[in-house]
Amino acid sequence: MITKDEIQFLLHSTETYRIERTVSTSNMDKFCEAICAFANDLPDSRKKGYLLIGAYDDGRLSGLKVDDNLLKKIAAIRSDGNILPLPVMTVDKVEYPEGDLLVAEVSPSLLPPVRYRGRVFVRVGPRRDIANEAEERLLIERRTAYVATFDATPCLGSSLDDLELDFIKNTYLPSAVDAEILNQDNRDIKEKMASIHLYDRTHDCPTYAAIILFGKNPRYYMPGNYVQYVRFQGTEKGGDVLNEKRFKGPLYRMLPMLESFVSDAIITQRPVSASLFREKTIINYPENALRELIMNACMHRDYQSNMPIRLYHFDDHIEIMNAGGLYGEARPENFPMVNDYRNPIVAEAMKEMKYVNMFNQGVKRVQDMLNKNGNKEAVFDVSKLTVFGVDVFSNEDSIAKTTTQTTTQTTTQTLSDVQKAIIEYINVHPNASRKEIAANIGDITEDGIKYHIKKLQEKGVIKRVGADFGGYWEIISKNP
């Protein structure tokens with residue numbers, strides 16, 4: 001609270017934008033408008049404003065006696081809901097021989113514009129008035145500048161001992177800062193880190209971004225800061241858990257571990273026949289598509305949440321879910337064309353470490369890679385406010401389809417003209433005997449028909465259902 005000497009100075013000060021003097025004790029509208037104007041701090045002085053009740057405009061005291069009822073009435077302005085966002089203010093009585101002063105000290109708001117009953121009041125010199133459109137827009141822009149993202153806020157209680165300083169000094173700073181500038185920079189490590197938003201000078205501690213990126217144990221400060229991988233049997237979460245693994249630690253170490261795990265444990269590939277003499281390699285998921293989605297989850301997640309990033313692996317698809325829905329300018333109606341960054345410092349660092357590109361092309365790149373590999377397009381769930389999810393489907397169905405088609409094509413290439421003629425005939429006459437087939441095929445004996453029918457059965461093209469007499473032929477591959 002302001003001292004008595006400072007009040008004496010303000011009583012006669014020319015800093016009129018910070019002072020409202022009045023002898024009235026009942027004009028509540030006037031008091032509320034003054035407090036609203038001080039909270040908006042239009043000149044951006046970052047200085048507190050003072051409502052002085054019991055003083056004339058020339059600084060003389062009116063002889064007011066301040067009692068508890070008046071103190072309570074003025075203090076109630078802070079929380080009666082007429083001024084929003086609620087102002088930060090204190091109220092006190094200061095006694096002088098000439099009379100008392102009631103002093104209401106108001107701090108500039110970090111969330112302007114502040115409104116009294118829906119109207120924005122500002123102070124321009126000694127005049128208090130309603131803000132015009134330009135002034136209100138200025139306050140809105142200031143609010144955006146004041147509100148720091150979570151990764152930019154100080155991680156209170158932490159210190160440089162919580163960071164992997166050797167990596168920051170020897171690897172990250174040389175990649176993030178021009179080499180010539182870094183060589184000429186003689187500041188200590190705190191100042192260097194502060195210049196790239198990894199250290200908070202005011203609170204003398206690292207920011208959350210530094211802990212997330214380079215902390216020795218980020219989960220100590222953010223319990224949900226890890227990736228949980230679970231391999232379920234089947235296609236739903238009710239299946240047996242076949243494998244479970246947690247990835248934790250600073251991003252600079254965790255991200256390469258995730259890359260290796262995706263490549264070694266999730267991505268599978270196998271050859272299938274593309275023709276009689278050629279094979280084709282089929283991959284269940286394009287590796288770079290999964291990498292892109294996992295990196296985006298680490299970059300955009302809400303690190304204040306206790307929910308980990310979930311990487312759930314099923315027989316036919318992969319589910320990735322992270323805390324925090326669409327952020328900022330991104331909305332369900334404009335996704336994925338519009339992007340915004342919940343953690344801009346983390347995003348910038350991941351870009352410097354070559355894990356993301358920040359070109360707002362991630363979703364399109366993922367869909368293109370999935371299409372090229374034969375997978376269905378990924379399904380993004382942006383309907384929830386607190387989580388962001390995506391399902392990526394395996395192309396095992398495509399593999400089976402491709403294998404069937406390839407087998408069929410290969411079979412077709414190995415069938416003789418006689419065998420093709422046999423298939424065509426029994427397709428129309430499934431009850432035909434071998435003797436009847438021989439009589440209608442052409443210049444071939446019954447023994448020859450028996451030979452070719454046996455070959456077709458061995459190849460799995462046709463089969464006999466029932467006895468030789470009274471049974472019928474079934475074509476397993478109607479168009480082999």
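The following legends describe close-up views of a predicted model. Local features require pLDDT of at least 70 and side-chain atom pairs count only at pLDDT 80 or more, whereas totals for chains, interfaces and linings use all residues. Residues are numbered from 1 along each chain as its sequence is written, and side-chain values use heavy atoms, with hydrogens and water left out.

View A. Two strands pair if DSSP finds at least two bridges between them; E3 and strand E6 (residues 115–116) do so in the antiparallel sense over two bridges. Ile83 stands opposite Tyr116 in E6. Contact means heavy atoms within 4.5 Å.

**View B. The surroundings of Thr281.** Thr281 belongs to strand E14 (residues 279–283). Residues up to four places away in sequence aside, Thr281 touches Gln269, Arg270 and Pro271. The C-alpha atoms of Thr281 and Arg270 are 5.5 Å apart, with the two residues 11 apart in sequence.

**View C. The salt bridge between Arg231 and Asp315.** A salt bridge is a side-chain nitrogen of Lys or Arg within 4 Å of a carboxyl oxygen of Asp or Glu; here the N to O distance is 3.0 Å. Arg231 lies in strand E11 (residues 226–232) and Asp315 in the loop between strands E15 (309–313) and E16 (317–323), so the pair ties together parts 84 residues apart in sequence. Arg231 is buried at 18% relative accessible area, while Asp315 is partly exposed at 39%. Buried means under 20% relative accessible area, exposed over 50%, and partly exposed in between (1.4 Å probe, protein chains only).

**View D. The salt bridge between Lys364 and Asp368.** The closest N and O atoms of this pair are 2.9 Å apart. Both residues lie in helix H12 (residues 362–373), four residues apart, about one turn of the helix. Lys364 is exposed, with a relative accessible area of 56%, and Asp368 is partly exposed at 40%.
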